[in-house]
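Here are my notes on the model, point by point. Please read them with the structure open.

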Amino acid sequence: MPEGLRAIVGPMFSGKTTELLRVLRKYAIAGYRVILVKPSTDTRYSVQKVVSHDGLEMEALVVEPSYAGISRVADLLLEHDVIGIDEFQFFEHSRELSRFLLELSERRLVIVAALNLDFRGEPWEIVKEILPYADDIRVLRAVCTYTDERGRKCGRPATRTQRLLDGRPAPYESPRVMVGGRESYEARCKRHHVVPKAPR
Ligand code: ADP
Ligand code: MG
């Protein structure tokens, strides 16, 4: 039986959801019972499906992103061999939740896909909490889409997520969670990741 904890991390557009769906499909084809979970905050496309930026789709169980939300569906999770969780960064920072998932990963294969950093370039606490326990961590990178005044594109590997408000870098003080797609986020390398701080 598959077991253990795997993590897939990187910025937006790095292929985390695509990779998660690929691995889940592989196990489904091999005859394992597979379930995909996602937090109820992500309403970008639809409430019961996970859709990658490439358009790959899979039905998902939408849960309240907390220990309570996960424990409510614990019995259902245990009926599956492989449990994928997308957008894991949106789950509350809770020792109980990470402990629950670690225990689950002793009997099942648990795969979490998450942003490691927020738009400010700071880590998400729940991701920090669970990453050291992962048996396997895949770090994915996108392509930096920064374009200078002369129209030259950067093209370096992107490890950061740039938030844009009306086409300009969002300030540090803007809210941490703001669900959006290509209109409000870009993949950037460290050099082109800009987070203006308000003057004091
Ligand atoms: P994530 O879940 O990490 O946000 P997805 O798996 O949903 O990523 O989508 C990854 C896809 O996003 C890529 O395969 C590509 O088609 C598309 N994409 C859009 N912008 C970029 C970019 N700047 N660099 C790489 N891929 C990008
Ligand atoms: Mg995704």
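1. A residue counts as near a molecule when one of its heavy atoms lies within 4 Å of it. By that rule, 16 residues stand around ligand 1. Those that come nearest are Lys16, Thr18, His53, Asp54 and Val143. Keep in mind that this is a predicted model.

2. Which elements supply the shell around ligand 1? Helix α1 and strand β9 (142-143) each give at least two residues. The largest share, three residues, comes from α1.

3. Look next at the polar contacts of ligand 1. A polar backbone atom of glycine 15 is 3.0 Å from an oxygen atom of the ligand. For threonine 17, an N or O atom of the side chain lies 2.9 Å from a ligand oxygen. For threonine 18, a polar side-chain atom is 2.5 Å from an oxygen atom of ligand 1. Taken alone, the ligand exposes 580 Å², and the protein buries 78% of that.

4. Helix α1 covers residues 16-29, 14 residues in total. Its first and last C-alpha atoms are 20 Å apart, close to the 20 Å expected at 1.5 Å a residue. Its buried residues are Lys16, Thr17, Glu19, Leu20, Leu21, Val23, Leu24 and Tyr27. Just after the helix, glycine 31 has a positive phi of about 95 degrees.

5. Is strand β6 (residues 82-85) covered on one face or on both? Both. Val82 and Gly84 are buried on one side, Ile83 and Ile85 on the other. In a regular strand, side chains alternate between the two faces of the sheet.

6. Strand β6 also has two parallel pairings to check. Four bridges join it to strand β2 (residues 34-39), and leucine 36 has glycine 84 as its bridge partner. Four bridges also link β6 to strand β7 (residues 109-115). There, glycine 84 has isoleucine 111 as its bridge partner. From β6 the chain passes through helix α4 (residues 95-104) to β7, a right-handed β-α-β crossover.

7. A separate point concerns an open sheet of three strands. Its order is β12-β11-β13, with antiparallel pairing. Why is one side of β12 (168-169) and of β13 (185-188) left without a neighbour in the sheet? Both stand at the edges, each with a single partner strand, so one side of each has no neighbour there.

8. Within that sheet, four bridges join strand β11 (residues 160-165) to β13 in the antiparallel sense. Threonine 161 stands opposite alanine 187 of β13.

Conventions: Residues numbered from 1 in each chain as written. Chains lettered and ligands numbered in written order. Predicted model: local features only at pLDDT ≥ 70, side-chain atom pairs only at ≥ 80, totals over all residues. Heavy atoms only, no water. Buried < 20%, exposed > 50% of the residue type's maximum accessible area, 1.4 Å probe, protein only. Pairing = 2+ DSSP bridges. Right-handed = clockwise from strand over helix to strand, strands pointing away. Expected span 1.5 Å × (residues − 1). Polar contact = N/O pair within 3.5 Å; in protein donor to acceptor, adjacent residues only side chain to side chain. Areas by Shrake-Rupley, 256 points an atom, 1.4 Å probe, with all protein chains shown as cover.
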